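Please keep the picture at hand while you read.

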Amino acid sequence: AEVFAEKGYEKAGVAEIARRAGVTTGAIYSRYSGKAELLLDAVDHHVSHDIEQLLRAEHPGESATDVLASLGSHLLDDLPTGSGLFLEAIVAGRRDPELAAAIRRRVEDEDARLAKLFDEATTDGLVDPDLDRLAIVRLAHALGFGMTLTRAMGLELPETGAWTTVIDRVIAAVAVPDLESLEQNPHDTDPETAQPTGAPQ
């Protein structure tokens, strides 16, 4: 994982990986068919662990929306080794269809975990059931993948408080609409027509 993260997929050598691991190259090739499979195993170990840690509620009894908020705040954490590996795997997968398919299956596994959170939040009455589950899952991944690229490029990051405020607003936007509040605020949307109150029909 360290060698792939430091040197990239193309320049990472099996001999260097073996040296750091304290084994022979023969020992590696007895278990892996090649560098692509080795990278995939590293991704499985690190990326899955990173995501699993984030998807597990830090405090028992947290609601699904609390977990989602926690996920959003973690996007500002130091870039884990797995994120660099994940980017390397995506790039390498453009030239290796089997690796690309394997990475896609891993992401689809995380799709299922995020979808479960969405379903729990919907069941608990915290998320608008009219929203499309796949659209929400893709939004979550777009945020996660986008922040991974942002950090990898060394772009400036917002302060934690400012970022948390935005994430909370995004989560609030997918919550079940407060019809009573909408009726009291003439500048909001009419729940029956989905148009601003007073807008031409």
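## Where helix 7 meets helix 8

In this predicted model, helix 7 touches helix 8 through Val107, Glu110, Asp111, Leu114, Ala115, Phe118 and Asp119. On the helix 8 side, the partners are Arg133, Ile136, Val137, Arg138, Ala140, His141 and Phe145. Sorted by class, this contact holds eight nonpolar residues, one polar residue and five charged ones.

## How helix 7 and helix 8 cross

Now follow the directions of the two helices. Helix 7 covers residues 97-123 and helix 8 covers residues 133-152. Their axes come within 9 Å and cross at roughly 120 degrees. Helix 7 and helix 8 are therefore oblique to each other. The crossing of helix 7 with helix 8 is right-handed.

## A second pair: helix 1 and helix 2

Next, turn to the start of the numbering. Helix 1 spans residues 2-11, and helix 2 spans residues 14-21. The axes of these two helices come within 10 Å, with a crossing angle of roughly 155 degrees. Because angles over 145 degrees count as roughly antiparallel, helix 1 is roughly antiparallel to helix 2. Their crossing is right-handed.

Definitions and conventions. Residues are numbered from 1 along each chain as its sequence is written. This is a predicted model: local features need pLDDT of at least 70, side-chain atom pairs count only at pLDDT 80 or more; totals for chains, interfaces and linings use all residues. Side-chain values use heavy atoms; hydrogens and water are left out. Axes are lines fitted to C-alpha atoms, for helices over the stretch in contact, and angles run from 0 to 180 degrees between N-to-C directions. Helices (H or I, at least four residues) and strands (E, at least two) are DSSP runs, numbered from the N terminus. Angles under 35 degrees count as roughly parallel, over 145 as roughly antiparallel, 65 to 115 as roughly perpendicular and the rest as oblique. A crossing is left-handed if the near helix is turned anticlockwise from the far one by less than a right angle, and right-handed if clockwise. Contact means heavy atoms within 4.5 Å. Ala, Val, Leu, Ile, Met, Phe, Trp, Tyr, Cys and Pro count as nonpolar, Asp, Glu, Lys and Arg as charged, and the others, Gly among them, as polar.
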